Amino acid sequence: MYTKLTAPTIFNGYQFEPENSVLVLNNGVVEEIIPAANAGDDIIFLEGILCPGFVNAHCHTELSHLKNKIPKHTGLINFVQEVLKMRNKEISTEILTSALKEIRDSGTVAVGDICNTKNSIAAKLQSDIHFTNFIEVSGFTDDHAPSRMSAIQDVKKQFNEKGLNPTVVPHAPYSVSPALFRLIGETSAGKLISIHNQECEAENLFFQSGKGEMLELYKNLGIDISFFRPSFKTSFQTWHPYFSQQPVIAVHNTFITTPDVQAANNVSFCICIRANLHIENTLPPLQLLIDKKAHIVLGTDSLASNDSLNMYDEIKTIKKYFPEIPLETILQWATSNGAKTLQIGDTYGSFKKGNTPGVVQIYNDNSQRII
């Protein structure tokens, strides 16, 4: 069944189409974008902007029960401790289903989702969202690396049994030991990796000098780090060599530096601007990433650090704080860039012929998935 859609503006995943263009779909599959004069009858006229479904490159859906539970602007050190206290409470399928409905209805078709437990499996099996599942592991002492990796294999097995095909990934540089980094590299060799990166200034300081507020985190968690020796490098430059031969999503990047971006190889930089504001009340250095021609993608992070899982809220917030960045550029980050990063560009992210990317209508300062 053919569907012909037009609107004042059509964004194809890379750029805006000429005025009076028509998107032609066949049962949701993109056929072509053609001039209205050649499209014949039965054209559906819509207001606003039409674009492919959004791709959320970084989310924690299984933290959806923590909405409004952690105060804003208290910093990453406090935020991490609060999440650790509360995240092990089993989240109900109802809460997760509601979160996934919000994600879908607001226009997202694919999600790179961080998982620490099996809790999200049931809701994901009921959803038509495409999930790239990252099973996250942490442990800052080498002695615990084998047991941490063994424990996470059980979670991975449960995802595999349901056909959800997960990849084991590190949580963050400050929570993963060298031995655990090596085990992750062996387990997930060649696969797409996701890692939280440079979310606070103290993270860089810790690796550069062994000092700063990160010491408070280890003390409060009862972790003996007397073995630790600083690398005298930034956080990024410390962990990146472990994965320099495979694709990586570096998430947050709030305190990334010019040398870090210049040293990056096959790295997508994921911006979760509303989470940055929620936790550290700090903006990411978007202009630096743009100037260095970095590959930028967008994510929502979690409801523990955000008011919604709506990707258009991320787009609007970037536009608010960085009005000089063209909307066309930000939409590309949210669609085709994300699809390329998650390695699903042959299905999602653009109105390329043969794709089934979904269609989002942006109108009246809101977004909704219409196909």
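**View 1. An open sheet of four strands in the predicted model, with the order β2-β6-β15-β16 and mixed pairing.** Strands, like helices, are DSSP runs numbered from the N terminus (strands E, at least two residues; helices H or I, at least four), and two strands pair if DSSP finds at least two bridges between them. The edge strands, each pairing on one side only, are β2 (9–10) and β16 (366–369). Strand β6 (residues 49–52) pairs with strand β15 (residues 359–363) in the antiparallel sense over four bridges, and L50 stands opposite Q361 in β15. This is a predicted model in which local features need pLDDT of at least 70 and side-chain atom pairs count only at pLDDT 80 or more, while totals for chains, interfaces and linings use all residues. Residues are numbered from 1 along each chain as its sequence is written, and side-chain values use heavy atoms, with hydrogens and water left out.

**View 2. The packing of helix α1 (residues 76–86) with helix α7 (residues 214–221).** The angle is about 25 degrees and the axes lie 9 Å apart, so the two helices are roughly parallel to each other (angles under 35 degrees). In contact (heavy atoms within 4.5 Å), I77, V80, Q81 and L84 of α1 meet M214, L217, N220 and L221 of α7. The residues of this contact divide into six nonpolar, two polar and no charged.

**View 3. The buried residues of helix α5 (residues 178–187).** These residues, with under 20% relative accessible area (1.4 Å probe, protein chains only), are A179, L180, F181, I184 and G185. They pack against β9 (130–137), α4 (145–161), β10 (167–170), β11 (193–197) and α8 (235–239).

Key
Axes are lines fitted to C-alpha atoms, for helices over the stretch in contact, and angles run from 0 to 180 degrees between N-to-C directions. Angles under 35 degrees count as roughly parallel, over 145 as roughly antiparallel, 65 to 115 as roughly perpendicular and the rest as oblique. Ala, Val, Leu, Ile, Met, Phe, Trp, Tyr, Cys and Pro count as nonpolar, Asp, Glu, Lys and Arg as charged, and the others, Gly among them, as polar. Buried means under 20% relative accessible area, exposed over 50%, partly exposed in between (1.4 Å probe, protein chains only).
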